Amino acid sequence: AQQITANTTAQANAQYQVVAPGATAITVTLPATATLAVGNTVAVSGGGAGTAPWNVVPNVGQTITTLGVAGNVAPGTTWVPRLAPTQWHWIASSTTGDILVAASIPGNLYTSTDGGATWIPGNSPTASWISVDMTPNAERIVAVAYGGNMFQSVDRGVTWTQITSPTVDLTDREFESITISQNGQRIAVHVLNDGIFVSQDGGGTWARATAAGGGVLSSGWRGIDSPADGAFLMAVSQDQEVYVSVDAGATWTARPVTVGGTAFAEDWYRVAMSDNGGVIAMAANTFGGAAGTALYITRDQGLTWTRNTTLSGDFTSIDVSADGTMMLVTL
């Protein structure tokens, strides 16, 4: 192994041993992405007692996954409070988990770029923030406030800019939920007891969604989600309605919830899906009337459903992992 005594930029398939004495940490920066190939490795070790502490640091666009490394605590085992207690309503994460956004009612949008160690409100206004979504690397973050406006950030929460439209009124609305595609161009949002609004150009222009065959959609919308490409969308309503769009939100069609030929109608509140849209979970909440009786799951975009009655009650949130193998719900 090559012995190092100062900060070093590593080379692919090289081995390094830190031997510098003292308390000042030594930084080993990973090779640039352009110089790497699949299967390349970098090995770093300490030189023994008295050796300075050392860190392995990725470049922009790189991540280091330590899951499964000996000594790591399993995710979810330990929790550390980071922000003052308040009425937190929503939280969103980048794919790697380093960029986080927490939304409060009422309050600000707080963003962390170091996995939750530190947080900033940026210039986000005080509002009843009710929903947040972001692209995988958080290059674009969108947020909506209930009884307020829609904002976006393209610098990971340092600054927030209100999204407006000359053709659609997006100000002072009872926004409920928002979703954004992986490339940040397709955005869909809905307003309680009003319509669904979609943008195909990152929030530059907007259109009100219509039902297949014509007609404006209006309902007690509560939840909306889309897969990574944003081409398929599902919106659920406390008025017991489920609508889907297969053309990125241009037109929508009602989709009944049937389990083994039996139709179910509940006051739907939340919906979430995997990255490819192959797994979708939905549940209801007493906010719209009766409490949810089950967790509903579809694997064919809502044509058929299964009904898991192990969980029932006032569902408040649902999330589905990117590959659809894990689900998380809160009651």
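View 1. Buried means under 20% relative accessible area, exposed over 50%, and partly exposed in between (1.4 Å probe, protein chains only). Helices (H or I, at least four residues) and strands (E, at least two) are DSSP runs, numbered from the N terminus. In a regular strand the side chains alternate between the two faces of the sheet. Strand S15 (residues 187-194) runs antiparallel to S16, and four bridges join them; two strands pair if DSSP finds at least two bridges between them. The hairpin that joins S15 to S16 passes through one residue. S16 is also joined by two bridges to strand S17 (residues 207-208), again antiparallel. Val198 is the bridge partner of Ala188, and Ala207 in S17 is a bridge partner of Val198.

The model shown is predicted: local features need pLDDT of at least 70, side-chain atom pairs count only at pLDDT 80 or more, and totals for chains, interfaces and linings use all residues. Residues are numbered from 1 along each chain as its sequence is written, and side-chain values use heavy atoms, with hydrogens and water left out.

**View 2. The open sheet S1-S3-S5.** Three strands form this open sheet with parallel pairing, in the order S1-S3-S5. Strand S1 (2-4) and strand S5 (42-46) are at the edges with a single partner strand each, so one side of each has no neighbour in the sheet. On average, neighbouring strands of this sheet are turned by 30° against each other, direction ignored. Axes are lines fitted to C-alpha atoms, for helices over the stretch in contact, and angles run from 0 to 180 degrees between N-to-C directions. Strand S3 (residues 14-18) is joined to S5 by five bridges, and Gln15 stands opposite Ala43 in S5.

**View 3. The ring pair of Trp221 and Tyr243.** Five aromatic pairs are found in a search of the whole structure. The ring centres of Trp221 and Tyr243 are 5.8 Å apart and their planes stand at 85°, so this pair is edge-to-face. Rings of Phe, Tyr and Trp (its six-membered ring) pair if their centres lie within 6.5 Å; planes under 30 degrees apart count as stacked, over 60 as edge-to-face and the rest as tilted. Trp221 belongs to strand S19 (residues 219-225) and Tyr243 to strand S21 (residues 242-245), so the pair ties together parts 22 residues apart in sequence. Trp221 counts as buried at 0% relative accessibility, and Tyr243 counts as buried at 14%.

**View 4. Trp268 in the largest nonpolar core.** This core has 16 residues, of which Met234, Trp268, Met282 and Tyr296 touch the most other members. A nonpolar core is a set of buried Ala, Val, Leu, Ile, Met, Phe, Trp, Tyr and Cys residues joined through side-chain atoms within 4.5 Å. Among the elements that give two or more residues to the core are strand S20 (233-237) and strand S25 (268-273). Ring pairs link Trp268 with Phe264 and Tyr296 into a cluster.

**View 5. Backbone details in three loops.** The peptide bond from Ile105 to Pro106 is cis, with omega near -15°; Pro106 lies in the loop between strand S8 (100-104) and strand S9 (109-112). Asn13, a residue other than glycine, has a positive phi near 60° and is placed in the loop between strand S2 (8-9) and S3. Ala248 also has a positive phi, of about 60°, in the loop between S21 and strand S22 (251-254).
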